Amino acid sequence: MEINNIEQYLKEKLTEIKSMDNQIIDIDIDEPFENYGIDSIKAVYFVGELEQIFNIELPPTLLWEYNTIRKLTNFLKENIITKT
Amino acid sequence: MNYRNFKNLNDLLIYQANQYKDKKAYIFLADGEKDEKILTYHDLLKYTNSLASLLLEYCKNNDRILLFLPPSLEYIISFYGCLMAGLIPVPLYPPETRSHSRLLNVIKDSGAKIAITDKTTKIRYEKKEKIDNNDETEKLLSTIKLIDIDLNNLINNTFVYKSIKAEDIAFLQYTSGSTSQPKGVMVTHENLIENSYLIKKYFNHNDTECKVSWLPPYHDMGLIGDIIQTLFAGMTMVFMTPMSFLKKPIRWLKAITNYSYIGEIISGAPNFAYDWCCKLTDDSILNELNLSKWRIAYNGSEPVKYSTITNFIEKFSKCGFKAEAMCPVYGLAENTLMVTPPDFKNKTFVIMVDRNKFKQGKIEVINDSDKNFNSMPCIGCGPIVGEIEVKIVDINNNTICKEGELGEIWLAGKSVTKGYWNKNMETEKTFKAYLKENTEKNYLRTGDAGFIYKGQLFIAGRIKEMIIIHGENYYPQDIEEYVEKASDQIKSGCGAAIGINIDDEEKLIIIYELKKRQYVESEIKNIKNSISKILFHTFGFTPYDIVFIQPSTFPKTSSGKLQRNYCKELYINKKLETIIITEEINI
């Protein structure tokens with residue numbers, strides 16, 4: 001996946017997770033996830049989705065460590081490149 | 001054989017191992033899907049004994065032992081191994097998912113000196129220890145001896161047999177209490193045998209059935225309801241870690257489908273899990289699921305939502321899910337686990353009550369034909385059973401409520417636990433409540449408000465000010481402590497964390513006074529962000545709403561106590577005096 005695609009994918013995923021609470025949000029890639037009301041169990045679900053799409057194993061605490069879409073995109077970009 | 005006559009869980013384990021031998025007791029799905037790790041009844045006893053003899057090299061009777069490892073076969077063996085050795089296990093949260101402070105306070109409170117762990121956790125734990133610069137933390141951690149459990153090394157065949165009395169403490173269940181003051185419920189062997197007997201009897205379990213579970217083994221619902229019940233009823237349990245489920249919720253329903261060949265399925269979870277399955281399961285994969293063998297889908301440990309039940313049944317009836325399988329239940333750790341069992345022969349018992357009367361503590365059931373905007377669904381959480389005495393009490397004068405009145409749920413019976421570990425005052429307060437009419441007999445106060453209608457127990461909310469998020473109880477004081485750390489503009493002691501029911505779900509609202517009457521928009525945004533951040537990092541959740549109010553406007557009593565319920569009303573009615581927010585001025 002290209003960097004822009006990763007970012008776009010993360011944005012869509014976040015929107016989808018928020019729609020579970022019947023909330024529609026505007027997404028800013030520098031806004032920390034916690035400000036979107038992503039709690040610990042939703043964060044783990046998010047990580048599970050990433051594991052599946054990128055086919056890599058990730059720690060359940062990933063969203064704590066890389067807490068914005070920008071940081072997470074960079075992390076994924078680096079790790080996918082190192083992997084292939 | 002009446003299993004109710006067993007005096008402790010160890011005798012039961014030996015009996016079941018001899019009876020079921022090579023039958024599979026526990027099947028762990030290491031990857032949440034196909035990677036099976038199997039433990040037979042025979043091996044369960046073998047490893048349990050071997051671990052018990054190993055533990056006795058380091059420990060003496062009644063020592064508390066921390067279970068400090070992720071859900072696995074090893075976790076189960078560790079639990080039974082402690083019991084077999086006459087030690088008191090303390091099931092814990094795995095360290096990566098929780099803030100450290102609660103964990104440390106539990107370790108301190110229990111007085112444990114030894115922890116059973118696995119290699120991976122041990123390494124992670126030692127790494128964490130270095131990151132945390134808190135001296136007290138390091139001091140405490142360095143005093144704990146870590147024993148890592150490896151099944152390959154458990155080859156000692158010594159048969160350990162300790163004489164254990166029914167009233168001896170089996171384990172400590174830390175579920176309630178605040179972060180700073182955790183309370184460990186002392187569950188005795190008699191409690192475990194009695195409550196397991198009731199679960200088996202009223203769920204009508206038999207040994208041809210199969211449990212499917214992803215519930216954490218460090219909570220009563222997973223530990224007693226699934227792990228111990230499997231042993232008690234001679235069933236097979238298929239399980240995965242909570243992480244496996246949370247990452248891919250469909251794994252739960254797939255496991256139920258895949259293991260239906262064993263027999264009928266018993267599997268339960270808190271309400272949110274059913275909700276997730278509805279929202280995250282794509283219609284296109286419904287044809288891969290077969291839920292027709294799912295006999296009881298119990299729904300407990302957080303408020304049951306009417307919409308979840310109806311959505312779940314509607315969606316999954318296409319895969320054979322039976323409406324009567326959906327069973328709300330009610331229980332709490334202080335009563336070992338179960339209070340009211342499933343009513344599995346009938347569809348969920350739902351009544352409509354008058355909302356205004358309900359607010360005043362009166363239950364008025366509305367007929368279907370009279371339904372209007374003022375009617376509110378209430379969900380029956382199962383029938384009252386003969387072995388557990390349930391009283392609805394008016395706590396203003398400790399008298400039993402009349403029919404159709406809301407009150408606090410009080411309990412008595414052999415499932416009521418011994419109290420809180422090393423907490424005499426709290427034990428007195430919660431476990432020694434007396435009715436005005438009979439000062440001889442003591443009751444357990446559940447802290448939950450409820451009523452009884454046609455023999456069913458209905459839960460209406462809580463007497464205590466606790467907030468429930470994803471089935472876990474939080475004390476507002478704990479949340480407030482962290483909110484106050486978020487910014488120096490927040491006035492300490494002048495605000496509250498409150499739980500408000502929005503869309504049938506409890507939401508966290510933070511209401512606080514700030515120091516000034518007026519702020520610019522960006523300042524407010526920053527303060528809100530730091531509150532969300534600190535709560536997320538500490539508890540793993542964020543508030544639904546944050547409201548800042550004018551200095552000295554938070555409602556307090558004349559003695560200066562916060563009036564949380566009054567504040568809640570002001571919030572709902574939008575009557576709070578919020579601060580003035582001005583736009584940015586650029587010079």
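This is a predicted model: local features need pLDDT of at least 70, side-chain atom pairs count only at pLDDT 80 or more; totals for chains, interfaces and linings use all residues.
Two strands pair if DSSP finds at least two bridges between them.

In β2(B), B:Glu36 is the bridge partner of B:Leu29. Strand β1 of chain B, residues 24–29, runs antiparallel to β2(B), and five bridges link the pair. Both belong to an open sheet of seven strands with mixed pairing, and you can trace its order in chain B as β2-β1-β10-β9-β11-β12-β13. At the edges sit β2 (36–40) and β13 (326–328) of chain B, each pairing on one side only.

**Helices around it**

Helix α8 of chain B (residues 220–233) packs on this sheet, where it touches β1, β9, β10 and β12 of chain B. The direction of α8(B) makes about 155° with that of β9(B).

Which helix packs with α8(B) at an angle of about 75°? Look for α3 of chain B, residues 73–84, whose axis is 12 Å from that of α8(B). Angles of 65 to 115 degrees count as roughly perpendicular, so α3(B) is roughly perpendicular to α8(B). Here are the residues that make the contact:

| Helix | Contact residues |
|---|---|
| α3(B) | B:Ile76, B:Phe79, B:Tyr80 |
| α8(B) | B:Leu223, B:Ile227, B:Ile228, B:Leu231 |

Seven of the residues in this contact between α3(B) and α8(B) are nonpolar, with no polar and no charged ones.

**The domains**

Stepping back, the domain assignment of chain B gives domain 1 (3–333), domain 2 (343–463) and domain 3 (466–582). Between the C-alpha centres of domain 2 and domain 3 of chain B, the distance is 30 Å.

How values were computed. Residues are numbered from 1 along each chain as its sequence is written. Chains are lettered from A and ligands numbered from 1 in the order in which they are written. Side-chain values use heavy atoms; hydrogens and water are left out. Domain bounds come from an automatic or database domain assignment. Helices (H or I, at least four residues) and strands (E, at least two) are DSSP runs, numbered from the N terminus. Contact means heavy atoms within 4.5 Å. Axes are lines fitted to C-alpha atoms, for helices over the stretch in contact, and angles run from 0 to 180 degrees between N-to-C directions. Angles under 35 degrees count as roughly parallel, over 145 as roughly antiparallel, 65 to 115 as roughly perpendicular and the rest as oblique. Ala, Val, Leu, Ile, Met, Phe, Trp, Tyr, Cys and Pro count as nonpolar, Asp, Glu, Lys and Arg as charged, and the others, Gly among them, as polar.
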